[in-house]
Amino acid sequence: MEKRSLKILVVGANGFVGKHLMKTLGKNNIQAIAFTEYHETWHADIFNPYLEIGITHVVHLIAKSFVPDSWDNPEKYIQTNLNSTVSVLEFCRKSEAGLIFMSSYMYGIPQHLPINEQHPVSVLNPYALSKYLSEKTCIFFATNYKVSVSILRVFNIYGPGQKSSFLIPHIINEVLHKNEIHVKDLKPRRDYIYIDDFISFILGLMNKQIGLEIFNIGSGVSYSVSEIIQIIQGIAKTDKAVISSMETRPNEIMDIKADISKIELFSGSRITTEFKEGLEKCIQDVLSGSE
């Protein structure tokens with residue numbers, strides 16, 4: 001069978017990941033179509049205009065994703081995230097396009113580190129529940145309709161242009177522009193992947209016949225909030241006071257570290273951005289005034 005040229009539909013192209021992905025696809029001369037709309041009520045025929053364009057892959061990035069808000073409005077999160085995924089899957093079924101679905105961390109308090117894809121799933125908030133239900137729908141379409149689906153369980157992404165509600169841009173803003181650095185709990189550790197490395201994994205999967213696979217996405221290394229502040233202050237050459245409210249979130253997870261051997265094997269890509277290097281790029285982006 002002759003291999004088709006890549007033509008990508010990016011659903012959520014105006015978000016943090018989507019903007020970086022569209023830029024990288026352009027640099028690599030890969031045809032890409034940006035879908036940026038958000039719909040209160042998703043339905044499959046939203047994507048019908050693309051049926052005749054020859055889309056080979058859909059990267060589904062649109063989601064309501066701010067976890068604290070999901071506790072206040074679980075119905076909206078579940079409806080929006082699940083319905084959008086069903087609509088994308090139905091398009092993929094009709095067009096025979098492969099789907100790369102951006103899911104989330106799914107493992108709750110880990111039983112072991114690093115966390116591989118066989119680790120038991122434990123959903124701890126409505127946002128994660130919406131993604132879990134979406135994953136189950138992806139598996140159903142892959143099993144019964146033979147849609148090729150790569151499910152990406154992303155631990156934590158960072159990079160230039162990320163919203164200040166996320167931890168790393170918040171700390172950078174405090175270090176660069178405030179007299180003190182205010183955070184909640186200093187102890188929790190998270191596994192962060194730089195945006196360029198994440199996109200390299202996505203591009204690697206596009207060139208493979210995947211079928212149905214689930215991949216953990218991270219760097220394989222974890223850092224505490226305290227360590228992140230220390231690294232960023234070192235880069236910025238500051239020594240500001242750190243004020244912690246000692247606030248512990250419900251169901252707090254104290255350490256997360258991804259086993260990324262599977263995504264490295266399937267995509268043929270590797271982590272190339274050291275954490276400090278990635279933070280330096282984020283700081284430079286803020287100092288240059290880029291958004």
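Ser134 is placed in helix H4; helices (H or I, at least four residues) and strands (E, at least two) are DSSP runs, numbered from the N terminus. The model is predicted, and local features need pLDDT of at least 70, side-chain atom pairs count only at pLDDT 80 or more, while totals for chains, interfaces and linings use all residues. Residues are numbered from 1 along each chain as its sequence is written, and side-chain values use heavy atoms, with hydrogens and water left out.

Ser134 has a relative accessible area of 0% and is therefore buried (under 20% relative accessible area, with a 1.4 Å probe and protein chains only). Apart from neighbours within four places in sequence, Ser134 is in contact (heavy atoms within 4.5 Å) with Asn81, Leu82, Thr85 and Phe101.

The axes of helix H3 (residues 74-95) and helix H4 (residues 126-145) come within 9 Å and cross at roughly 20°. Axes are lines fitted to C-alpha atoms, for helices over the stretch in contact, and angles run from 0 to 180 degrees between N-to-C directions. The crossing angle makes H3 roughly parallel to H4, a term for angles under 35 degrees. H3 passes H4 in a right-handed crossing, in which the near helix is turned clockwise from the far one by less than a right angle. Among the residues that make the contact are Asn81, Leu82 and Thr85 of H3 and Ser134 of H4. The contact of H3 with H4 comprises 13 nonpolar, 5 polar and 2 charged residues. Here Ala, Val, Leu, Ile, Met, Phe, Trp, Tyr, Cys and Pro count as nonpolar, Asp, Glu, Lys and Arg as charged, and the others, Gly among them, as polar.

Two further residues belong to other elements. Ile199 is in helix H6 (residues 195-206), and Asn216 lies in strand S10 (residues 212-217).

| Residue | Relative accessible area | Class |
|---|---|---|
| Ser134 | 0% | buried |
| Ile199 | 1% | buried |
| Asn216 | 0% | buried |

Ile199 touches Val17, His20, Leu21 and Thr24, not counting residues up to four places away in sequence. Ile199 and Phe266 are 67 residues apart in sequence, and their C-alpha atoms are 14 Å apart in space.

The side chain of Asn216 reaches the backbone oxygen of Asn116 at 3.4 Å. With neighbours within four places in sequence left aside, the contacts of Asn216 include Tyr107, Asn116, Arg153, Phe155 and Asp259.

Conventions
Parallel < 35°, antiparallel > 145°, perpendicular 65-115°, else oblique. Buried < 20%, exposed > 50% of the residue type's maximum accessible area, 1.4 Å probe, protein only. Polar contact = N/O pair within 3.5 Å; in protein donor to acceptor, adjacent residues only side chain to side chain.
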